[in-house]
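User: I would like to go through this model by question and answer, with the cut-offs stated as we go.

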Amino acid sequence: MLEQVRIVLVNTSHTGNIGSAARAMKTMGLSDLCLVDPVSPPDGQSVALAAGASDILANARIVPTLAEAVADCGLVIGTSARSRTWSWPMLDARQAGEKAMTEAPNHKVALVFGRERTGLTNEELQQCHYHVSIPANPDYSSLNLAMAVQTLSYEVRMAWLAGSHHEPEATDYPLADDLERFYAHLEQTLLETGFIIKPHPGQVMTKLRRLFNRARPEDHELNILRGILTSVQRFGTHRKAE
């Protein structure tokens, strides 16, 4: 089940941090590393700081966007501080590990880490089902990237050792790529009906993403929603033809 967990690093600035993150992963038995638009690809410094985890670096996938990195994942958890404009379903590190192992038998799980200085953007966080915050000392909460990867990888391993993966969740959830197609379909339908106006979309889609990510529709429920949207579009086309 540990092979089902993917560590995703977004726009990492320092190649040494990539190597240190790979080392943190390997000590906990994780091996699937994906790099989203790194400032520089892994290099000699990465290999040096990987300290024996160079195989993870060699097999790491590099992609241009977070959407591509998590397209085949059914659960996406993004690291975040709590102070965001729109609150999102939150997990602590232990809950994130347990949630990952509960769903890993059914689909890939992604743990997403942002930039060293600024973390993940709001747009990137909106692609996650849950946000996870590591409850560090509020007087000195300076965790570097590898420390954060180590902490969450440890919690994943502890959940795996505890055997929580023996009772997988029976629910079939859509993959991230399916959800993104749904959101595109939803936005197009709302534009066609005039519910939102392209020059002034406001925060409607952000709020709707938050709603559906919180509700976590299952596969068959998402199919129903897509069917409703198609029906609305057909009705609008029929009315225009009259």
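User: Which residues of helix 5 are buried?
Analyst: This is a predicted model, in which local features need pLDDT of at least 70 and side-chain atom pairs count only at pLDDT 80 or more, while totals for chains, interfaces and linings use all residues. Residues are numbered from 1 along each chain as its sequence is written, and side-chain values use heavy atoms, leaving out hydrogens and water. Helices (H or I, at least four residues) and strands (E, at least two) are DSSP runs numbered from the N terminus, and buried means under 20% relative accessible area, exposed over 50% and partly exposed in between, with a 1.4 Å probe and protein chains only. In helix 5, residues 93-103, the buried ones are Ala-93, Ala-96, Gly-97, Lys-99, Ala-100, Met-101 and Glu-103.

User: Which residue caps the N-terminal end of helix 5?
Analyst: A side-chain oxygen of the capping residue lies 3.1 Å from the backbone nitrogen of Arg-94. The residue that caps this end of helix 5 is Asp-92.

User: Which are the edge strands of the sheet?
Analyst: Two strands pair if DSSP finds at least two bridges between them. Seven strands form an open sheet with parallel pairing, in the order 3-2-1-6-4-7-5. The strands that pair on one side only are strand 3 (61-63) and strand 5.

User: What angle does the direction of helix 1 make with that of strand 2?
Analyst: Axes are lines fitted to C-alpha atoms, for helices over the stretch in contact (heavy atoms within 4.5 Å), and angles run from 0 to 180 degrees between N-to-C directions. Helix 1 (residues 15-27) packs on the sheet, touching strand 1 and strand 2 (32-36). The angle between the directions of helix 1 and strand 2 is about 155 degrees.

User: What side chain does that of Thr-27 join through a polar contact of 3.2 Å?
Analyst: Thr-27 lies in helix 1 and is partly exposed, with a relative accessible area of 45%. A polar contact is a pair of N or O atoms within 3.5 Å; within protein, one must be able to donate a hydrogen and the other to accept it, and residues adjacent in sequence count only if both atoms are side-chain atoms. The partner of Thr-27 in this contact is Gln-150.
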